Amino acid sequence: MKQLKKEKPEMTFSSPVTAIRGIGPEKAKLFAKKNIYTVGDLLHTYPREYQDRGKIVPLSECGDGNVHAVLVTCVERPLIGKTYTGIPYVRMSARDDSALVSVTFFGKTYLSSMIRPGRKYRLYGKFTVGLYGAESNTPDIEPADGTHPLPAILPVYPLTSGMTQNMIRTAIEGCLHLCGRIRETVPEDIRASHGLLTKKETVRQLHRPESDELLKKAQRTAAFEDLLVFQLAVRSMRAEKEHFSAPVFHSSGKSFTDSLPFLLTGAQKRVIREVFSDLGKGFPMARLVQGDVGSGKTVIAAAALELCAQNGMQSVMLAPTELLAEQHCKTISRWLEPSGIRVALLTSSVRASEKKEIKKRLAAGNIDVLIGTHAVLQEDVVFSSLGLVVTDEQHRFGVRQRAALLERSERSGGRSRAHMLVMSATPIPRSLSLILYGDLDVSVLDELPAGRQPIETMILLPEDRDRIYKSIRRQIGLGGQAYIICPLVEESEDSSRSAAEQYYENLRTNVFPDIPLGLVHGRLSGNEKANAMRDFSEGKTKVLVSTTVIEVGVDVPNANVMLIENAECFGLSQLHQLRGRIGRGQRKSFCVLLNGSGKDNARLEIMRDTSDGFKIAEADLKQRGPGDFFGEAQSGEMPLNGAYFADMPLVAETKEVLESILPKIGDERFASLRDAAARKAGANGGGKTVN
Ligand code: ADP
Ligand code: MG
């Protein structure tokens with residue numbers, strides 16, 4: 001239904017948000033901060049949550065400190081005043097049939113001219129019991145004079161600073177009439193048999209729910225569609241793989257693993273077998289290796305790189321940080337170069353002249369294994385015969401990046417692709433990983449190398465700091481080394497840099513003047529970071545002061561102490577990753593979580609009591625809910641709204657639907673669904689088609 005409100009002519013989904021009444025360039029800038037540029041973007045920005053203001057509670061019953069909606073009549077002219085600290089306020093006295101209420105609106109003096117004795121208002125906020133009845137502090141207020149209906153359920157949108165709920169609600173209101181033009185994705189018969197709304201209705205209800213029941217249906221429909229589209233995208237990527245051939249690698253039986261100073265774990269042997277079997281089939285491998293921190297994933301990667309080189313082809317290994325790429329290059333050179341395999345490092349901080357040289361050698365086939373950061377792939381790197389792409393710590397990359405990698409590995413003109421191996425330390429329950437990584441085969445490294453001693457984790461307070469420093473000194477005396485993760489300082493990298501440096505300076509002059517210390521933080525150049533890491537890994541420095549840049553992958557087995565300042569500010573998965581830097585050698589390891597807040601912290605207690613990454617992930621999932629859990633685990637690109645995984649029956653239901661329609665997915669009625677999946681999988685915004 002079209003609204004009668006006058007709109008600027010011809011608003012479409014692709015119109016800029018300024019086409020909406022009341023949105024000028026200034027507001028548009030705020031929206032742009034949330035990646036909302038067009039009317040379509042805005043319509044697809046769904047509320048974060050909803051407020052139920054439909055249930056009106058009598059004033060006499062609302063004083064329990066919880067949020068309620070009440071309907072009151074103002075009894076006298078509002079008072080204007082100022083607190084001792086100079087904050088202006090408006091105070092209103094009002095009542096309903098059951099009691100009186102005194103409401104103070106701080107900072108909102110404009111309300112004094114709007115609030116009139118005898119008028120009715122709906123208030124929404126927290127109420128307490130005061131001396132003369134109920135009291136409330138700056139609740140939301142809406143006139144309830146009956147001239148326009150008050151919505152019972154109010155959407156609450158994600159905001160950015162400077163934006164208000166009213167601003168985004170009004171903007172949405174101004175383009176909601178376009179919902180009628182939304183193209184349906186799920187065919188009608190499926191909608192009917194699964195109790196779904198149309199997409200038109202879904203978007204409308206999500207923004208302006210008419211009832212609780214319709215809202216629930218709309219949320220279910222949106223989740224259903226997303227899950228279906230996502231799974232189809234992942235399936236198509238998988239199916240597409242079978243249209244390609246890949247080089248066949250034969251194992252010579254000789255490997256660097258025979259001369260390692262340790263024996264492979266059973267799990268490592270098994271996973272290497274799985275990988276080698278894939279590599280021998282002539283189809284592109286697409287395998288994910290999941291293993292907890294310290295389970296020895298690098299060996300698996302190196303074995304695959306070695307096999308590729310033994311079969312006369314080139315390979316590349318990608319890491320999320322320069323630090324990690326540098327470290328992998330060192331380890332893998334040490335393992336593979338003795339048998340004549342040529343390994344090179346390419347990161348953005350490699351000198352330009354050297355870069356040029358490496359690219360030349362790569363194109364001429366004079367480098368066998370290239371190790372680098374993702375930035376490397378974006379550059380004009382040409383291989384003479386690329387056979388394998390390994391990605392370490394893959395949880396940092398989403399489906400799109402995976403698709404891009406695959407495409408990148410297509411060899412010129414042919415139907416042949418390189419093999420792909422991805423490594424992830426993010427433990428995700430299997431049922432979920434099947435969906436998230438449905439385009440990949442999964443191997444699990446479920447065994448830690450023998451001889452590892454459990455890490456002793458303790459939660460301490462800032463006043464214990466001197467004692468902690470003493471213990472660190474003692475451990476260093478015994479031959480160990482320590483990481484100190486410095487306190488978090490807000491936001492900009494610049495301030496965190498100076499905070500890290502200040503912390504470091506203080507340690508150097510006042511605490512450990514006689515002990516060699518190192519410092520790494522995000523602002524150092526690649527070379528500076530690498531130097532600091534080298535000194536620490538060679539034992540030249542005994543304490544490494546660091547920001548979270550060492551979070552992933554860093555491996556210095558002699559380090560056995562970690563102090564994490566402000567541990568209460570980190571997520572569980574991040575703490576687990578950080579702690580995974582110690583406990584890698586034979587030494588007994590200690591991790592101190594410094595709780596700067598002083599308040600009890602359930603997350604830190606989980607860390608103290610658990611070392612198993614899967615258990616921690618589960619606890620994390622339970623505590624924070626799947627949305628936040630995946631928000632962090634999948635930082636960078638979210639493949640799917642994690643909240644959907646809370647509803648496993650729905651996941652199963654959509655999976656079943658997908659199975660049933662796959663045989664006829666080429667039919668015209670699935671065209672729109674196919675397009676949506678192609679957009680999701682498409683690395684370049686959807687140029688690809690899905691069959
Ligand atoms: P991940 O990448 O899975 O966190 P790494 O590959 O960095 O773990 O391995 C952690 C440490 O364990 C490294 O120092 C590595 O050399 C060592 N390591 C790997 N496999 C074994 C094994 N089977 N026995 C003993 N040490 C091992
Ligand atoms: Mg690793």
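Trainee: Before we start, what is a nonpolar core?

Mentor: It's a set of buried Ala, Val, Leu, Ile, Met, Phe, Trp, Tyr and Cys residues joined through side-chain atoms within 4.5 Å. Keep in mind that we're looking at a predicted model. Here the largest such core has 41 residues.

Trainee: Okay, which element gives the most to this core?

Mentor: Several elements give two or more residues to it, including helix 7 (266-279), helix 9 (322-336) and strand 13 (369-373). Ile-371 and Leu-421 have the most contacts inside the core. The element giving the most, with 10 residues, is helix 8.

Trainee: How do helix 1 and helix 3 lie to each other, parallel or perpendicular?

Mentor: Helix 1 (residues 25-33) packs against helix 3 (residues 165-173) with the axes 12 Å apart. Lys-27, Leu-30 and Phe-31 of helix 1 meet Met-167, Ile-168 and Ala-171 of helix 3. The angle is about 100 degrees, and angles of 65 to 115 count that way, so the two helices are roughly perpendicular.

Trainee: Now the open sheet: which are its edge strands?

Mentor: It has 6 strands in the order 17-22-21-18-20-19, with parallel pairing. An edge strand here pairs on one side only. That gives strand 17 (456-460) and strand 19 (517-520).

Trainee: And which residue of strand 22 is the bridge partner of Leu-563?

Mentor: Look at strand 21 (residues 559-564) and strand 22 (residues 590-594), which run parallel and are joined by 4 bridges. Helix 17 (residues 572-579) packs on the sheet and touches both of these strands. Leu-563's partner in strand 22 is Val-592.

Methods: Residues are numbered from 1 along each chain as its sequence is written. Chains are lettered from A and ligands numbered from 1 in the order in which they are written. This is a predicted model: local features need pLDDT of at least 70, side-chain atom pairs count only at pLDDT 80 or more; totals for chains, interfaces and linings use all residues. Side-chain values use heavy atoms; hydrogens and water are left out. Buried means under 20% relative accessible area, exposed over 50%, partly exposed in between (1.4 Å probe, protein chains only). Axes are lines fitted to C-alpha atoms, for helices over the stretch in contact, and angles run from 0 to 180 degrees between N-to-C directions. Angles under 35 degrees count as roughly parallel, over 145 as roughly antiparallel, 65 to 115 as roughly perpendicular and the rest as oblique. Contact means heavy atoms within 4.5 Å. Two strands pair if DSSP finds at least two bridges between them.
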